[in-house]
Amino acid sequence: MSPIPSSNPVAAPSASAAAAATSAATDKNMFLQLLVAQLKNQDPTQPMDSTTFVTQLAQFQQLESTNNMSTSISGIQSDTDQMVTDLNPTGSSPTS
């Protein structure tokens, strides 16, 4: 088994993960603002098609689930990286 490198590969992904989380939060807020504006400004005599509305809500739910899954996976990756670092802080192979 080859040794795991001792460099900290978490620093770069965590910065990009933070940027992605900020972007996702912005996209989520923008989507909700557009949906609310669409509902506020619709013609009362011709309301939005219910199928379209349900489709948009389903898309939002899928986006939210994907973001939650991404956050969970990032947490698992960070925990795993920390465990590897704690178990082998010098980067040397335990068999040598």
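Of the 96 residues of the chain, 7% count as buried (under 20% relative accessible area; exposed is over 50%, partly exposed in between; 1.4 Å probe, protein chains only). This is a predicted model, in which local features need pLDDT of at least 70, side-chain atom pairs count only at pLDDT 80 or more, and totals for chains, interfaces and linings use all residues. Residues are numbered from 1 along each chain as its sequence is written, and side-chain values use heavy atoms, with hydrogens and water left out.

**Fold and surface**
- The chain has 2 helices and 0 strands (DSSP runs numbered from the N terminus: H or I, at least four residues, for helices; E, at least two, for strands).

**Confidence**
- Mean pLDDT for the chain is 76, and 71% of its residues reach 70 or more (pLDDT is the predictor's confidence in each residue, from 0 to 100).
- Residues 5-12 stay under 50 in pLDDT, and the model has 3 contacts for them beyond four places in sequence (contact: heavy atoms within 4.5 Å).

**The aromatic pair**
- The structure holds 1 aromatic pair (rings of Phe, Tyr and Trp, the last by its six-membered ring, with centres within 6.5 Å; planes under 30 degrees apart count as stacked, over 60 as edge-to-face, the rest as tilted).
- Phe 31 and Phe 60 form this pair, which is stacked, at 5.4 Å centre to centre with 5° between the planes.
- Phe 31 lies in helix α1 (residues 11-40) and Phe 60 in helix α2, so the pair ties together parts 29 residues apart in sequence.
- Phe 31 is partly exposed at 24% relative accessible area, whereas Phe 60 is buried at 17%.

**Other residues in helix α2**
- Gln 56 lies in helix α2 and is buried, with a relative accessible area of 18%.
- Leaving aside residues up to four places away in sequence, Gln 56 touches Phe 31, Leu 35, Gln 38 and Met 48.
- Asn 67 is also found in helix α2 (residues 50-87); its relative accessible area of 21% makes Asn 67 partly exposed.
- Asn 67 and Ala 25 are 42 residues apart along the chain, with their C-alpha atoms separated by 9.1 Å.
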